[in-house]
Amino acid sequence: MPTLTYLQAIGRGLWEEMERDPAVVMLGEDIGVYGGAFKVTEGFLSHFGPERVLDTPISENAIVGAAIGMSYLGLRPVAEFQFIDFIACAFNQITNFVAKSHYRWGAPVPLVLRGPCGGGVHGGPFHSQNPEMYFVHTPGLKVVCPAGAADAKGLIKAAIRDPNPVLFFEHKFLYRRIKEEVPDGDVVVPLGQAAVKREGKHLTMVTYAAMLYTCLEAAEKLSQQDGLECEVIDLRTLLPLDKETILGSLKRTNKLLVVHEDTRTGGLAGEIAAVIMEEAFEELDAPVMRVTSLDTPVPYSPPLEEYFLPNAEKVMKAARDLARY
Amino acid sequence: MELTKQQHLELYYWMQLNRKLEDLLTNLFRQNKIVGGLYSSLGQEAISVATTYALEKRDWIAPMIRNLGAVLVKGYQPRDLIMQYTAKAGSPTGGKDGTAHFGDLKQKRVISPISMLGDLIPVMTGIGLGARYLGREEVALTWIGEGGSSTGVFHEGLNFAAVRKAPLVLVLENNLWAYSTPIYLQTAAKHFADRAKGYGIPGVIVDGNDVLEVYRVTQEAVARARRGDGPTLIEAKTFRRKGHAQHDPAKYVPQWMLKEWEAKDPILRYEKHLTEKKLWTEKGKQEILARIDTELKQELAAAEASPLPQPEVAAQGVYCDGCHEIRAEWKRSPDEVKPPRNIPSKWFKGRDPALAVAAIPPVAKPEKETVMVGANPRREKKQRKQTKQERQRK
């Protein structure tokens with residue numbers, strides 16, 4: 001098995017899908033000649049040709065719009081946002097055109113919208129956001145937030161093959177920092193399935209994307225320092241949400257902590273807490289707790305951003321509070 | 001291509017069917033049988049009908065809310081529209097959406113619009129580009145109001161279509177009113193078609209109440225798109241003779257304007273033409289009208305027979321769970337786009353982005369103006385004369 005970075009794994013997944021299926025085409029800003037701002041699509045243009053790798057004007061509405069049209073013909077367009085923050089520019093196309101299409105008139109929209117999200121790289125308010133919840137709140141979309149390299153490759157394949165529109169949020173902090181063995185060949189990770197990344201009996205941490213590593217770090221330290229064994233769940237897909245894995249773990253640990261890099265109010269933690277209240281209230285030995293970013297824009301200066309983001313210490317503190325409850 | 005006598009009469013049939021169906025819907029509205037709003041295209045029928053009539057069966061349309069005539073020409077039945085407006089289970093959307101918000105990817109090739117204006121332009125660009133990629137010479141046509149042309153996505157979509165020479169025809173129906181907003185609050189330009197120049201595509205102005213002219217210019221634009229020469233912006237000058245929707249008495253529209261445009265009614269005008277050119281007889285006309293009458297009665301009965309949807313249908317169909325087959329229909333060998341055999345198709349010759357730098361001429365030569373849409377050469381001459389006189393005075 002080759003060792004690939006998270007970024008290489010996504011690139012490899014896209015590459016293999018384009019090799020496999022001539023219906024897969026790509027469009028986005030600077031994805032061709034330049035290979036994308038983060039070089040995910042480097043070499044694609046010369047290999048697959050300009051008919052399949054389309055450099056576009058700076059027009060997010062047109063990029064998504066054209067992808068919609070192509071997908072109506074049975075093509076599998078993959079559109080890139082240079083930074084996922086710019087998905088806001090295409091909000092209307094995504095929430096009104098894409099998401100409602102199958103429900104309203106039975107027209108499936110098999111497209112993938114992907115791009116780099118997340119903070120920790122001092123990108124400031126417009127190059128660090130985690131806008132997933134706007135879309136988790138929109139029926140008709142699927143939302144994927146991979147954390148591991150192998151998962152990222154398997155999930156991008158599943159996203160491209162899915163008959164529904166999939167938003168694929170790649171955490172830019174992980175692009176070159178995460179390196180792992182990625183299985184060769186056509187390994188698809190199905191959408192809508194969470195994965196238990198560490199087993200434990202005292203409490204459950206539910207998380208996704210870059211916060212998986214923060215939680216794993218916290219869990220390791222808690223095990224060493226406090227003898228506290230935390231189970232860590234990587235959601236991988238936020239919509240549809242894998243409730244079964246969360247509830248199954250809660251049944252074993254009876255305590256739940258949700259950690260996400262997204263801001264607090266209206267974040268996924270609130271939804272997970274509500275699901276647990278409705279479906280597993282009796283299992284709880286303590287209130288569901290959450291560690292999230294602050295309810296502010298993402299600040300630019302390193303000390304500000306560090307203060308804004310969750311980290312292992314914040315997670316450990318919350319976990320200890322929860323364990324003591 | 002010259003229209004045959006039969007085709008002339010078909011155009012008349014579609015325009016009258018469009019109008020009479022709207023009359024029927026208006027009656028239903030007054031009987032409180034229409035669930036939402038009702039939008040009229042009175043006086044704009046020539047545009048919907050003639051533009052769609054200029055297309056082939058394989059071509060694609062995305063109608064706007066007033067393009068009833070277009071979906072009829074594309075093969076929908078009046079009952080479909082009646083059921084859409086009355087929110088019946090038998091409607092094309094099964095009651096999930098109303099008005100002209102429906103479509104069919106397989107047979108009729110109609111893309112459903114959404115209420116947000118302009119979004120269809122890049123979507124239809126994608127249809128055109130996708131069809132070309134699959135080796136299919138299909139044209140995508142959509143409409144936009146002069147009001148909708150103020151959106152950002154209008155610009156994004158048309159620019160992208162122009163850059164990629166997408167086989168797109170964009171018909172801008174300038175009906176002078178966007179709800180209550182007149183055109184001088186919508187644009188500072190004289191003609192909306194003038195914008196085409198900014199995109200490097202042809203902009204054509206046509207009398208939107210002249211069905212044959214609309215047909216002619218659309219056919220040219222469609223041929224151009226099919227040839228691979230890219231999109232055309234057609235500005236059809238017309239007038240919205242009803243309010244924005246049924247609830248709107250449109251008191252903001254001056255009476256003289258209404259009168260002026262009533263006199264320019266596209267159907268009356270076409271009737272006169274057919275009579276003058278001896279393309280029909282009074283008997284022939286009456287036959288068409290009687291046919292429409294009978295058809296609409298049957299269509300109404302069929303629509304009324306449909307029940308309202310079962311409430312639990314509301315929870316169904318958010319996602320495709322394999323209920324729809326997704327398959328690209330290739331008209332060329334997919335091997336042509338598979339590496340390492342992928343040879344850029346003829347459209348891409350010399351357009352490979354990697355070669356783009358070589359394609360830019362080293363010294364920009366000032367280009368001679370060839371097309372200036374809406375320009376009046378005599379006026380320019382006059383202006384030059386005036387400036388000369390002013391200079392002399394000084």
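The model is predicted, with local features needing pLDDT of at least 70 and side-chain atom pairs counting only at pLDDT 80 or more, while totals for chains, interfaces and linings use all residues. Residues are numbered from 1 along each chain as its sequence is written, chains are lettered from A and ligands numbered from 1 in the order in which they are written, and side-chain values use heavy atoms, with hydrogens and water left out.

**The sheet in chain A**

- An open sheet of chain A is built from five strands in the order E9-E11-E10-E13-E14, with mixed pairing; helices (H or I, at least four residues) and strands (E, at least two) are DSSP runs numbered from the N terminus, and two strands pair if DSSP finds at least two bridges between them.
- Strand E9 (195-198) and strand E14 (289-293) of chain A are the edges; each has a single partner strand, so one side of each lacks a neighbour in the sheet.
- On average, neighbouring strands of this sheet are turned by 25 degrees against each other, direction ignored; axes are lines fitted to C-alpha atoms, for helices over the stretch in contact, and angles run from 0 to 180 degrees between N-to-C directions.
- Strand E10 (residues 203-207) and strand E13 (residues 256-263) of chain A pair in the parallel sense over four bridges, and A:Met205 stands opposite A:Leu257 in E13(A).
- Helix H8 (residues 243-253) of chain A packs on this sheet and touches E9, E10, strand E11 (230-234) and E13 of chain A; contact here means heavy atoms within 4.5 Å. The direction of H8 makes about 180 degrees with that of E11(A).

**Strand E11 and its partners**

- E9(A) pairs with E11(A) in the antiparallel sense over three bridges, and A:Val196 has A:Ile233 as its bridge partner in E11(A).
- E10(A) pairs with E11(A) in the parallel sense over five bridges, with A:Thr204 opposite A:Glu231 in E11(A).
- Five of the five residues of E11(A) are buried, so this strand is largely enclosed by the rest of the structure; buried means under 20% relative accessible area, exposed over 50%, and partly exposed in between (1.4 Å probe, protein chains only).
- Both faces of E11(A) are covered, with A:Cys230, A:Val232 and A:Asp234 on one side and A:Glu231 and A:Ile233 on the other, all buried.

**Cysteines**

**Aromatic pairs**

- The whole structure holds 19 aromatic pairs over all chains; rings of Phe, Tyr and Trp (its six-membered ring) pair if their centres lie within 6.5 Å, and planes under 30 degrees apart count as stacked, over 60 as edge-to-face and the rest as tilted.
- The rings of A:Phe91 and A:Phe135 have centres 5.7 Å apart and planes at 50 degrees, so this pair is tilted.
- A:Phe91 lies in helix H4 (residues 91-105) and A:Phe135 in helix H5 (residues 132-136) of chain A, so the pair ties together parts that are 44 residues apart in sequence.
- A:Phe91 is partly exposed at 33% relative accessible area, whereas A:Phe135 is buried at 0%.
- B:Tyr76 and B:Phe102 form an edge-to-face pair, 4.6 Å centre to centre with 80 degrees between the planes.
- B:Tyr76 counts as buried at 7% relative accessibility, and B:Phe102 counts as buried at 0%.
- A:Tyr6, A:Phe38, A:Phe83 and A:Tyr175 are linked into a cluster by ring pairs.

**B:Gln84 and its surroundings**

- B:Gln84 lies in helix H4 (residues 78-85) of chain B and counts as buried at 1% relative accessibility.
- A polar atom of the B:Gln84 side chain lies 2.9 Å from the backbone oxygen of B:Gly98.
- Not counting residues up to four places away in sequence, B:Gln84 touches several residues, including B:Ser91, B:Asp97, B:His101 and B:Phe102.

Terms used:
A polar contact is a pair of N or O atoms within 3.5 Å; within protein, one must be able to donate a hydrogen and the other to accept it, and residues adjacent in sequence count only if both atoms are side-chain atoms.
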